[in-house]
Amino acid sequence: MDDALNSKRRAVAEEAARAAGAVHMRYYGTGIDRVTKAWRRDFVTKADLEAQAAVKDVIAAHFPHDLVIGEEDEDAFNRIAASIETGCWVTDPLDGTAEFLHTGAFFSSVVSYVERNFPLAAAVHAPFTDELYSAARGLGATLNGAPIRTSGADALEDAMFVASYTAPTPERAAWFARWMERVMPAVGGWRMFGSSALCAMTVAAGRADIYSPAPEPMTAQPLLGQPQKPQPWETPAYVLIVEEAGGAVANIHGNAPELLGFNIYSASRALLDEYLALL
Amino acid sequence: MRFRDDLELRRRVAEEAARAGGVVHRKYRGKKLARTIHDGERADYATQVDFEAQEAVREVVARHFPHERVIGEEDENFDDIAEEMERGCWFTDPLDGTQEFVHGAPGYSCIVVYVEHGAPQACAAYFDAWGEMFSAADGLGSTLNGAPIRVSGQQELSGAVFSTAYRGTEVAKAQGFAARFVKLVPHVEGFRMPGAPSVMACGVAAGRYDLYVYLSARLEPPPARPFVGQPWETAAFILLVREAGGAVQPLRGEGDYDVLGHNIYAASPLLIEQFRAVMGDM
């Protein structure tokens with residue numbers, strides 16, 4: 001592992017995430033247009049597109065030969081899947097677009113570098129609250145430069161549980177509700193934020209104890225299925241930052257995290273296992 | 001309606017008292033705290049910070065209005081609350097968002113509000129970790145850190161960001177909440193549960209959320225209390241949202257709002273209409 005190189009990648013990820021955040025704030029509250037993507041509540045704005053260009057500019061200035069793939073690129077999922085072994089940068093230039101359009105506080109930019117299917121450096125910037133999270137493999141996680149640790153919580157009944165929800169259909173809502181009914185009475189608190197990055201970063205910073213995605217209808221094991229569509233432009237950053245903050249990350253079967261799938265982010269392995277046992 | 005100068009003074013006192021509560025918050029932030037459980041519900045508790053912040057609020061109010069009563073969430077006797085609200089009294093929720101606070105999350109505030117003739121007159125909610133001071137006075141508008149704020153003005157439920165909160169460990173209550181979630185969620189653009197009630201109410205006032213309603217509001221008062229709601233926060237939320245141009249309606253029953261019960265807080269009256277059409281009686 002090349003610590004010096006990963007440190008540099010982390011600094012570049014931070015700079016790129018900040019550049020994207022500057023684009024967000026230029027458009028924040030200006031009432032810009034949205035373009036609907038696959039379904040009504042999935043949309044892109046020129047803030048997404050310009051933020052992605054800003055991320056690419058910063059990375060190109062430092063690593064001109066590296067590949068950068070963003071959520072707004074054509075065929076982003078398959079291109080990332082084909083490149084995480086050889087090495088690439090991935091970015092969600094504006095996570096929480098709805099939160100951003102509704103002048104909420106919780107939206108962010110996400111940048112990371114992945115090689116051999118392993119995240120090596122990452123940054124998440126929430127410009128409204130001016131919070132910059134980052135990590136490099138083996139070198140720890142920080143918030144605005146200060147080291148962060150997960151809470152270490154290991155009891156589900158007192159845990160602050162974070163969920164995210166973007167289901168467009170009544171059928172999905174019903175499955176989500178079944179999961180809620182099971183988990184809500186078993187935990188200490190239940191929160192749903194408008195940005196998955198914020199969900200993961202609150203766990204990294206020790207402000208919440210566990211973040212799990214919602215389950216999905218079409219599966220043999222209803223409460224453990226593959227939820228929604230994977231977001232590989234953001235997942236590597238969450239995995240790295242939570243792990244480097246001392247947390248435990250696993251896929252929904254309790255195995256190693258999946259960069260192309262879904263994971264549970266927890267303050268401790270004991271808490272993660274207790275949650276999986278509940279399901 | 002009170003004189004403008006008096007309202008301005010009370011708003012400033014509410015701000016000063018809420019900030020004093022914030023000083024106590026800062027002193028204890030990140031420290032391990034013992035909990036006092038409310039009504040045997042393990043997810044509902046107070047800490048030393050709640051009690052100490054309540055005292056800090058009382059000191060500030062007493063300095064300016066030595067003969068006026070300050071009623072806090074952590075008090076025990078609420079028998080004459082209606083008379084007090086008629087005659088004029090202060091309310092405080094010294095730490096709204098105790099759960100966030102003990103988990104080291106930033107979304108907590110100190111709320112202070114003055115009520116007279118049964119109506120909120122002046123209030124403040126201070127979020128120390130974010131440095132955000134919301135305040136309002138009757139007829140004088142709502143502000144965030146001194147600058148006027150407005151609700152989003154959203155008119156369509158299908159484009160609205162809905163916010164709510166849930167607390168409890170009973171399976172039946174969770175099932176009720178989940179059933180309402182299923183009913184509502186196809187009709188809104190966003191569904192958020194950000195934490196403390198003041199985050200949602202101030203969020204509606206500042207245009208960050210379009211609607212704030214409890215989906216599992218109590219029907220019966222808790223033991224030893226003559227009302228179902230949380231007047232120490234509700235009175236402030238009503239004023240903050242109305243003065244920011246928003247709409248407030250009692251969740252149940254008649255009247256413009258219900259200081260002692262639950263309310264719907266919205267960016268516009270149309271949103272409340274559409275919400276009720278979808279959800280029916282709650």
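## Domains of chain B

In chain B, 35 residues of domain 1 are in contact with 28 residues of domain 2, where contact requires the C-beta atoms of two residues, placed from the backbone, to lie within 7 Å. On the domain 1 side of chain B, at least two residues each are supplied by β2 (41-47), β3 (70-72), α3 (81-87), β4 (89-96), β5 (109-116), β6 (119-127), β7 (132-137) and β8 (141-144); helices (H or I, at least four residues) and strands (E, at least two) are DSSP runs numbered from the N terminus. By class, that side has 17 nonpolar, eight polar and 10 charged residues, with Ala, Val, Leu, Ile, Met, Phe, Trp, Tyr, Cys and Pro counted as nonpolar, Asp, Glu, Lys and Arg as charged, and the others, Gly among them, as polar.

This is a predicted model, in which local features need pLDDT of at least 70 and side-chain atom pairs count only at pLDDT 80 or more, while totals for chains, interfaces and linings use all residues. Residues are numbered from 1 along each chain as its sequence is written, and chains are lettered from A and ligands numbered from 1 in the order in which they are written. The bounds of the two domains of chain B are 4-148 for domain 1 and 157-279 for domain 2, as given by an automatic or database domain assignment. Their C-alpha centres lie 20 Å apart.

## Overall form of chain B

The secondary structure of chain B consists of eight helices and 14 strands. Its C-alpha trace spans about 50 × 45 × 35 Å along the principal axes.

Of the 282 residues in chain B, 52% are buried. A residue is buried if 20 or more other C-beta atoms lie within 10 Å of its own, exposed if 12 or fewer, and partly exposed in between, with C-beta atoms placed from the backbone. Among the contacts in chain B between residues at least 6 apart in sequence, 68% join residues at least 24 apart.

## The seven-stranded sheet of chain B

An open sheet of seven strands in chain B has the order β3-β4-β5-β6-β7-β8-β9, with mixed pairing; two strands pair if DSSP finds at least two bridges between them. Strands β3 and β9 (147-148) of chain B stand at the edges with a single partner strand each, so one side of each is left without a neighbour in the sheet. Within this sheet, β7(B) and β8(B) run antiparallel and are joined by four bridges, and Ser135(B) has Thr143(B) in β8(B) as its bridge partner.

Two helices lie across strands of this chain. Helix α1 (residues 4-28) of chain B lies across β4, β5, β6 and β7 of chain B and runs at about 35° to β6(B), whereas helix α2 (residues 48-64) of chain B lies across β3, β4 and β5 of chain B, at about 145° to β4(B). Axes are lines fitted to C-alpha atoms, for helices over the stretch in contact, and angles run from 0 to 180 degrees between N-to-C directions.

The contact takes 36 residues from domain 1 of chain A and 25 residues from domain 2 of chain A. The elements giving two or more residues to the domain 1 side are α3 (76-83), β4 (88-95), α4 (97-101), β5 (108-115), β6 (118-126), β7 (131-136) and β8 (141-143) of chain A. β5(A) gives the most to this side, with five residues, and the residues of the side divide into 21 nonpolar, eight polar and seven charged.

Val90(A) is placed in strand β4 of chain A and counts as buried because it has 31 C-beta neighbours inside 10 Å. Not counting residues up to four places away in sequence, Val90(A) touches Ile69(A), Ile80(A), Ser112(A), Val114(A), Pro232(A), Trp233(A) and Pro236(A). Val90(A) and Ile69(A) are 21 residues apart in sequence, with 4.9 Å between their C-alpha atoms.

## Strand β14 of chain A

Strand β14 (residues 263-266) of chain A has Asn263(A) and Tyr265(A) pointing one way and Ile264(A) and Ser266(A) the other way, and all are buried. β14(A) pairs in the antiparallel sense with strand β12 (residues 210-212) of chain A over two bridges, and Ile210(A) stands opposite Ser266(A). β14(A) also pairs in the antiparallel sense with strand β13 (residues 248-251) of chain A, over four bridges, and here Asn251(A) stands opposite Asn263(A).

## Contact between the chains

Between the chains, 27 residues of chain A are in contact with 26 residues of chain B. The elements that give two or more residues to the chain A side are α5 (170-183) and β11 (189-192) of chain A, and α5(A) gives the most, with six residues. This side divides into 15 nonpolar, eight polar and four charged residues.
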